[in-house]
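Subject: Handover of a structure for your study

Dear colleague,

Please find below the structure that I am handing over to you. My notes on what was found in it follow directly after.

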Amino acid sequence: MIEKKIIEIAFNGRGGQTAITASQLLSEMAYESGFKDAIAIPIIGAERRGAPIQAFSRISRDAQIRSYSSVTDPDFIFIFDTTLLKIPRVFATIKEGVILIINTDHKIEFNNNLPKNVKIYMVDATGISLKHELAIEGFPILNIPMLGAFAKVSGFYGLDIMEKVIKKKFGSRAEKNMKTARDAFEMVKEMI
Amino acid sequence: MSQKEQEIKFITGNVAAAYAARSAKVQVISAYPITPQTTVVEKLSDFVDSGDMPAQYIKVESEHSVMAALVGASIAGTRTFSATAGQGLLYMSEMVHWAAGARLPIVMTIASRGIAPPWNIWADFTDVISQRDAGWLISFASSHQEIYDSVLMAYKICENEEVLLPMFVAYGGFVLSHTSKPVIIEPDDKLEKFLPPLPDEKGWPHIFIDPERPMMHGNLIMPSGFYYEFRMKIHDEMIKSRHIIKQTALEFEKIFGRSYGNGLIQEYKMDDAEVALINIGGLALQAEQAVDELRQEGYKVGSVKLRHFRPFPTEEIINIAKKVDVIGVVDRDTAFGSPTGGAVSSECKSALHGTGIDTTILPIITGIGGREVSVEQQKEEFKKLIKLKETGEFPQDMIHGTLWDGILEVK
């Protein structure tokens with residue numbers, strides 16, 4: 001679907017929503033599924049729970065990735081929390097041709113404010129995580145369902161690769177995580 | 001635990017540094033946490049705790065004690081490692097000098113960060129540059145793999161009987177320390193071929209302390225004694241370590257198949273280049289991307305990665321200057337009050353003095369305190385070099401003869 005040599009992905013979340021881990025996992029899963037190179041770039045500051053967080057992934061089918069700078073013109077944008085869409089610098093990254101993956105259980109009205117050819121996919125990652133009790137201190141963990149949805153939307157890696165990487169990272173907690181991934185893979189749909 | 005097969009792990013630069021210490025069969029680690037280095041010593045703590053790495057792990061109360069412990073462990077004949085950054089390195093400074101003066105082959109990674117105040121934890125090499133005259137070899141890694149590989153090479157260089165000096169392997173905080181990439185972890189059989197364990201007392205070229213055989217070391221020496229001559233020897237052997245570094249890079253390439261130029265510098269598309277940009281750390285790798293993009297637009301540009309700042313590759317810089325009319329030298333560090341404001345560009349200028357080469361050096365400072373540097377910005381730096389070559393015009397917004405690229409307007 002995307003013919004660019006290096007695919008760039010931006011993650012927008014809030015502290016505690018596991019967006020940084022999501023960028024690491026996505027890059028690793030793309031690499032495991034045959035991409036030649038991948039990098040995960042977290043933007044680290046004085047993190048605290050609830051504050052806006054950014055992270056980026058670059059993945060490449062054949063070229064070596066040599067840039068360490070943050071992604072300013074992403075092909076895909078993750079929105080872990082719909083309130084982030086109200087932040088101008090987040091909204092400004094939504095450019096023509098971008099694919100958005102939004103954590104939401106209901107349709108969002110953009111009132112024709114979006115550029116051309118923006119595709120939006122929605123998945124209720126929060127609901128899926130709560131259903132499977134995937135949470136830390138009551139806060140739902142969103143990275144795995146968001147990445148399950150991304151597997152379906154992008155086709156860059158399959159659930160089998162997800163399982164392999166998640167097992168390596170999370171050991172005995174892998175199965176619970178995979179349940180949310182599978183649900184999100186099934187439930188993600190285009191917002192029309 | 002042994003590493004039987006080669007493995008590719010998707011890890012941060014810090015974890016790559018920890019794996020390197022494990023692969024080097026380090027025997028003593030001393031640790032104190034500091035951002036952005038902390039995950040290096042955390043990972044090592046995991047390795048030691050799980051029995052994956054048969055090393056002594058000493059937890060101390062400060063960076064000063066970190067180096068004091070490593071001085072003791074190294075002088076007892078063990079392979080030692082630690083990691084630090086920024087203020088931690090400054091606090092350690094007294095013992096940093098001691099380690100070099102005592103001629104100990106300690107290796108330490110630095111996840112470089114800006115110096116306070118105001119507090120800053122992001123990429124800036126001023127921390128490691130501040131230890132310039134301590135007697136440590138100073139190297140910069142530009143990629144996650146290069147962190148791992150540089151640590152392995154560092155032990156081989158430092159433990160060489162003709163060197164016996166410590167080495168810093170520095171890389172940008174967060175830029176490399178917290179980003180993740182695939183890194184090759186080498187198997188034990190190859191590692192042992194490249195870097196065998198330290199010899200026992202008989203084969204160890206250094207004095208060897210042992211409670212069974214008490215001795216004094218580092219005691220007071222009168223001005224008429226050999227203090228002066230010890231100092232000269234450190235400089236002499238640091239300069240001579242250039243050929244050991246080159247030899248080690250060659251041997252590394254032969255065994256592991258990864259090339260790091262001649263060890264001191266690594267050139268990229270310099271053969272027909274008309275201008276060159278010299279960088280340290282991650283920006284050197286990113287500059288290669290800028291070179292490729294500019295070459296597609298028809299510009300003949302080349303990039304040079306400075307792998308070693310100490311010993312300084314004087315001869316290599318002269319050779320670069322023979323190839324091109326204009327060189328941009330990029331410092332991600334400050335050297336206040338120096339001729340150019342940056343440590344590397346000042347040294348490059350000094351290297352050309354008296355050679356009769358009239359290549360122009362454009363000193364550039366960039367990325368201070370982790371200020372982001374994009375490929376686009378680096379392409380603009382190249383274009384300024386081309387303009388300088390073609391018109392003789394220096395950029396207009398220079399400050400005291402140096403281009404502070406990416407700086408905000410200040411009153």
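How many Å separate the centres of domain 1 of chain B and domain 2 of chain B, taken over C-alpha atoms? The separation is 28 Å. Before the details, please note that this is a predicted model, in which local features need pLDDT of at least 70 and side-chain atom pairs count only at pLDDT 80 or more, while totals for chains, interfaces and linings use all residues. Residues are numbered from 1 along each chain as its sequence is written, and chains are lettered from A and ligands numbered from 1 in the order in which they are written.

The two domains of chain B

Domain 1 of chain B covers 7–256 and domain 2 covers 266–404; such bounds come from an automatic or database domain assignment. Between them, 26 residues of domain 1 of chain B are in contact with 21 residues of domain 2 of chain B. Two residues are in contact if their C-beta atoms, placed from the backbone, lie within 7 Å. On the domain 1 side, at least two residues each are supplied by α5 (126–129), β6 (137–140), β7 (167–172) and α8 (227–256) of chain B. Helices (H or I, at least four residues) and strands (E, at least two) are DSSP runs, numbered from the N terminus. The most comes from α8(B), with five residues. By type, this side of domain 1 of chain B divides into 15 nonpolar, eight polar and three charged residues. Here Ala, Val, Leu, Ile, Met, Phe, Trp, Tyr, Cys and Pro count as nonpolar, Asp, Glu, Lys and Arg as charged, and the others, Gly among them, as polar.

Where the chains meet

The contact between the chains takes 17 residues from chain B and 15 residues from chain A. On the chain B side, β8 (180–185) and α9 (282–296) are the elements that give two or more residues. The largest share, five residues, belongs to α9(B). That side of chain B consists of seven nonpolar, seven polar and three charged residues.

Chain A as a whole

Chain A has six helices and nine strands. Its radius of gyration (taken over C-alpha atoms) is 15 Å, close to the 16 Å that the globule rule (2.2 Å times the number of residues to the power 0.38) gives for 192 residues, so chain A is as compact as a globular protein of that length. Of its 192 residues, 48% count as buried. A residue is buried if 20 or more other C-beta atoms, placed from the backbone, lie within 10 Å of its own, exposed if 12 or fewer, and partly exposed in between.

In α5(A), Met162(A), Val165(A) and Ile166(A) are buried. Seen down the helix axis, the buried residues of α5(A) fall within an arc of 100° (the arc of the directions from the axis to the C-beta atoms), so they line one face of the helix. Their cover includes α1 (19–32), α4 (143–154) and α6 (174–187) of chain A. After α5(A) comes Gly171(A), whose phi is positive, near 50°.

Asp124(A) lies in the loop between β6 (119–123) and α3 (125–131) of chain A. Why does Asp124(A) count as buried? The reason is that Asp124(A) has 20 C-beta neighbours inside 10 Å. Leaving aside neighbours within four places in sequence, Asp124(A) is in contact with Thr104(A), Asp105(A) and Met187(A).

Yours sincerely,
A colleague
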